[in-house]
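Keep the structure open as you read.

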Amino acid sequence: QVNRADFIDFLESDMRAEVTNRFNRKSEMTRLTEDYIRIQMTERSSWQMKVLPLNDSVNVVCTVATVQGPVADSDILFYTTDWKPLPADSFLQEPDANDFVEVPGSLQDNRIRPALAKIDMPLLSAELSDNSDTLTTTFTTPCYLDKETAEILKSYIRPIRKYVWRNGRFRPITSL
């Protein structure tokens with residue numbers, strides 16, 4: 001509780017909001033607004049939270065926890081304002097690899113199909129906006145692939161997908 005209060009006090013005093021965490025490492029609150037918070041938990045993990053309107057009188061809390069292994073990967077979760085878990089698919093149809101890869105069915109390049117088969121682990125990095133009700137997902141799986149496979153696939157991958165919060169749900173923005 002003291003660390004959480006210190007985060008806010010430090011930011012309000014225009015100081016670096018850094019505290020020692022339970023692992024005896026540094027955690028830093030990097031952004032705080034009325035409805036958004038971002039904390040760099042460790043060198044390789046971050047946590048974000050955004051309060052979003054569900055209707056005129058009810059809000060929902062969206063959290064994004066990101067870890068940086070070989071590449072970034074995020075978990076997106078939703079809660080009531082008293083921290084009861086909500087089903088994520090009620091608020092977001094989380095993208096999968098097919099949402100980021102576009103290969104024409106008529107393509108005759110024999111290297112594409114074997115390269116696509118290597119996308120066996122969909123990894124996504126997600127970022128909530130601090131000043132709007134948007135969510136940006138980045139397809140990080142290509143960063144995990146070997147260079148040759150990534151090069152073969154790069155012209156078929158749209159790595160970023162954006163969503164806007166409308167009518168109690170994140171909806172894909174079709175044009176960037």
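Which side chain meets that of Arg-158 in a salt bridge? The side chain of Glu-102 does, at 2.7 Å, N to O. A salt bridge here is a side-chain nitrogen of Lys or Arg within 4 Å of a carboxyl oxygen of Asp or Glu. Arg-158 lies in the loop between α4 (147-153) and β10 (160-166), and Glu-102 in the loop between β7 and α2, so the pair ties together parts that are 56 residues apart in sequence. Arg-158 is partly exposed at 40% relative accessible area. Glu-102 is partly exposed too, at 47%. Buried means under 20% relative accessible area, exposed over 50%, and partly exposed in between (1.4 Å probe, protein chains only).

A word on the basis of these values. The model is predicted: local features need pLDDT of at least 70, side-chain atom pairs count only at pLDDT 80 or more, and totals for chains, interfaces and linings use all residues. Residues are numbered from 1 along each chain as its sequence is written, and side-chain values use heavy atoms, with hydrogens and water left out.

Now the overall picture. The protein chain has four helices and eleven strands. These are DSSP runs, numbered from the N terminus (helices: H or I, at least four residues; strands: E, at least two). Of its 176 residues, 35% count as buried. Contact means heavy atoms within 4.5 Å. Among contacts in the chain with a separation of 6 or more, 41% come from residues 24 or more positions apart.

The whole structure holds eight salt bridges. One of them joins the side chains of Glu-43 and Arg-25, at 3.8 Å, N to O. Glu-43 sits in the loop between β3 (36-42) and β4, and Arg-25 in the loop between β1 (17-20) and β2 (26-32), so this pair ties together parts 18 residues apart in sequence. Glu-43 is exposed at 59%. Arg-25 is partly exposed at 47%.

Next, go to Lys-50. This residue lies in strand β4 (residues 45-53). Is Lys-50 buried or exposed? Lys-50 counts as buried because its relative accessibility is 2%. Its side chain meets that of Asp-133 in a salt bridge of 3.9 Å, N to O. Asp-133 lies in the loop between β8 (124-128) and β9, so the pair with Lys-50 in β4 ties together parts that are 83 residues apart in sequence. Asp-133 counts as partly exposed, at 25%. Asp-35 joins Lys-50 and Asp-133 in a network of salt bridges. A polar atom of the Lys-50 side chain also lies 3.1 Å from the backbone oxygen of Ser-129. Beyond neighbours within four places in sequence, the contacts of Lys-50 include Tyr-36, Val-60, Cys-62 and Leu-128.

Finally, the aromatic rings. The whole structure has six aromatic pairs. Rings of Phe, Tyr and Trp (its six-membered ring) pair if their centres lie within 6.5 Å; planes under 30 degrees apart count as stacked, over 60 as edge-to-face and the rest as tilted. Phe-100 and Phe-139 are stacked, because their ring centres are 4.9 Å apart and their planes are at 5 degrees. Phe-100 lies in the loop between β7 (85-86) and α2 (112-117), and Phe-139 in strand β9 (residues 134-139), 39 residues apart. Phe-100 is buried at 0%. Phe-139 is buried at 3%. Elsewhere, ring pairs link Phe-78, Phe-91, Trp-165 and Phe-170 into a cluster.

Notes. A polar contact is a pair of N or O atoms within 3.5 Å; within protein, one must be able to donate a hydrogen and the other to accept it, and residues adjacent in sequence count only if both atoms are side-chain atoms.
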